[in-house]
Amino acid sequence: MTDTLQALSDARLVPVVVLDDAHDADPLAAALVAGGLPVAEVTFRTAAAEDSIRAIAARGDVLVGAGTVLTPDQVDRAVAAGAAYVVSPGLSRAVVERCREHGVLALPGAVTATEIQAAVELGLSTVKFFPAGTSGGAPAIAALAAPFREVTFVPTGGVGPTNLTDYLDIPAVVAVGGSWMVPRDRIADGDFAGITELTTQAVALAART
Ligand code: 3PG
């Protein structure tokens, strides 16, 4: 779990992927790798999620996790498919505990002091700050990091090329998540070269921080 967090923290970026067709999973993963970002969070928002995670995990060169995980059953399915980490939009004790049983990193959403304190009580030290843009953005994280000195954040939601450095400049931010480098329509159109280009740009921006 520590290794997974370290790898996400090294990557600085977590592409949030929605795959409508599992056949797109492998070329999408290849496009991310070519762009210098061997990480993907595949969301459980489509029926293709599990097969997509399985296909990406089988490559062996991408740190693949599951996103939008709402139930312990989805944790089981994500881990069985090969997910190394589990991201949720909010904080669920049941989901966090199931992740712990499987030994995979849980990254639940938390944006208020109360939610962060609840996550700490569950033994977590990193949360997804979601939806970042409408929850106060970078200033809110900086303010929350003051009392929660041991907590680190992965802001996601409304993060993009114009503001990602605002987040990554905060020491408590280990990585930012977002879909801007993996637009759903580009995946559907098979524009994987375009995804590599967007990814390369995102990696270059993140490297400045
Ligand atoms: C998520 O699930 O993490 C968000 O939907 C990603 O947000 P974005 O599309 O604003 O990057």
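This is a predicted model: local features need pLDDT of at least 70, side-chain atom pairs count only at pLDDT 80 or more; totals for chains, interfaces and linings use all residues.
Reader: Now the strands. How do I read the two faces of a strand?

Author: Start with the general idea. Side chains in a regular strand alternate between the two faces of the sheet. Then take β6, residues 126–129. Thr126 and Lys128 lie on one side, Val127 and Phe129 on the other.

Reader: Are those four residues of β6 buried or exposed?

Author: All four are buried, so both faces of β6 are covered. A residue counts as buried when 20 or more other C-beta atoms lie within 10 Å of its own.

Reader: Which strand is joined to β6, and by how many bridges?

Author: Strand β7, residues 152–155, through four bridges. The two run parallel. Lysine 128 stands opposite valine 154 of β7.

Reader: What does the chain pass through from β6 to β7?

Author: Helix α7, residues 137–145. This β-α-β crossover is right-handed.

Reader: And the whole chain? How many helices and strands does its secondary structure come to?

Author: Ten helices and eight strands. The radius of gyration is 16 Å, close to the 17 Å from the globule rule for 209 residues, so the chain is as compact as a globular protein of that length. Its C-alpha trace spans about 45 × 35 × 25 Å along the principal axes.

Reader: What share of the residues counts as buried?

Author: 46% of the 209.

Notes:
Residues are numbered from 1 along each chain as its sequence is written. The radius of gyration is taken over C-alpha atoms; the globule rule is 2.2 Å times the number of residues to the power 0.38. A residue is buried if 20 or more other C-beta atoms lie within 10 Å of its own, exposed if 12 or fewer, and partly exposed in between; C-beta atoms are placed from the backbone. Two strands pair if DSSP finds at least two bridges between them. A crossover is right-handed if, with the strands pointing away from the viewer, the path from the first strand over the helix to the second runs clockwise.
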